[in-house]
Amino acid sequence: VSTLSTWGYVEAEFSSHLNPSGSVKGKPIVVSSDPGEAVKDCNVIIMPLPSFAYTDALRAIKPYLKKGTFIIVTPGQGGFDWFARDILGHELLSQVILIAVIPMPFNCRINKLGHKVGVTAFYQKFEIGCLPQTASLESESVCSRLFAPSVTLGHFITVTLQPLNANIHPMRLFGILKGWKPGQLLNENPLFYEDMDNESAELMIETSNEMLKVSEKLREEGIACNIVSIFESEIRDWLDEWGPRPSTLSQLFRESPDYKGYHSPLIKQNDGFVPDIKNRYFTEDIPMGLCVYRGVAELVGLPTPTIDMLLKWSQELMGKEYLIDGQMKGKDIMETSCPQRFGITSVQQLK
């Protein structure tokens, strides 16, 4: 608030390859830490939050929700509907509409906290999941008016399992950090996407293939889950003016203007670098991403060797226990958003 009082506006600087490009300024009507004041009289509430913030946000707004309120999260992964059932309860949940939007409308990085961000990606079409599914037409209308043309994907779990950050960040982290041990220093902090290596990209593809099989199994069980491959998810945002379409996933990440300038989640230490375990690439994309993938795969009874390898590696690095003896039953399971954390132990409970 003090920053807004000083400058009088907030600013987004859009990269030159975007439309619009350059500076866009605006002034919020209300900035408040009081959820009652922030959502007062709102019939649409948008929460652009990491998955680990769902619990606190839902508890904060719960007393102020009215019948017919749309609650929108983006990027909408991490089992948002499971959190909502757990926190809002059946009666209140039946009176509101949940919407998960993918992808995030923008890729941003903070330039000046509370005042300015740099925007490197600005998306023009969206896919959504909604609960109840009977509200799909209303949900499409609301999101199309707020963002850009939006279409529903069927069951809410389709958005939950689409190959976004959790199908990218952990694999790239493994490629950068494999073999690293505490006490060691890395010589450099590579660009996360522009220096993409083939091994990391191959792990993304293997993870995606495992989840495509899970999606197929869910459909066989009567759940309309229709996810796409990681390559299809990324290539469809490629614009003709960027040049020839990449033929491989690693090439796509290295060349896409949307992924320019992002360094890896490492922190400077003495003459080198060490992983920043508190970065959301760890704190969100592992417990709220990979664990969700693995938990759903466990429900349908399918093996996921690549996901298992990544989970075992990352949980050791983070000092956590999620996957133990081939099951999602580790002591830190309540820090995740896998279905088992919510007492979901069968496919039937997902319907």
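Modeller: In what follows, Ala, Val, Leu, Ile, Met, Phe, Trp, Tyr, Cys and Pro count as nonpolar, Asp, Glu, Lys and Arg as charged, and the others, Gly among them, as polar. The model is predicted, with local features needing pLDDT of at least 70 and side-chain atom pairs pLDDT 80 or more, while totals for chains, interfaces and linings use all residues. Residues are numbered from 1 along each chain as its sequence is written, and side-chain values use heavy atoms, leaving out hydrogens and water.

A cavity is a set of points, on a 1 Å grid over the protein atoms alone, where a 1.4 Å probe fits but cannot get out; lining residues have an atom within 4 Å of a point. Grid points are joined across faces, edges and corners, and a volume is the space filled by probe spheres set on the points. By this rule there is 1 cavity of 30 Å³ or more. The largest cavity holds about 120 Å³ of space. It is lined by 14 residues, of which S51, Q77, N165, E284 and D285 are the closest to its centre. By class, this lining comprises 6 nonpolar, 6 polar and 2 charged residues.

Helix α12 provides the largest share of the lining, 4 residues; helices are DSSP runs (H or I, at least four residues) numbered from the N terminus. Contact means heavy atoms within 4.5 Å, and V296 and V300 are among the residues in contact with L218.

Conventions:
On a 1 Å grid over the protein atoms alone, a cavity is a set of points where a 1.4 Å probe fits but cannot get out, and a pocket is an open set with protein on both sides within 12 Å along at least five of seven lines; lining residues have an atom within 4 Å of a point. Helices (H or I, at least four residues) and strands (E, at least two) are DSSP runs, numbered from the N terminus. Lists of a residue's contacts leave out its neighbours within four places in sequence.
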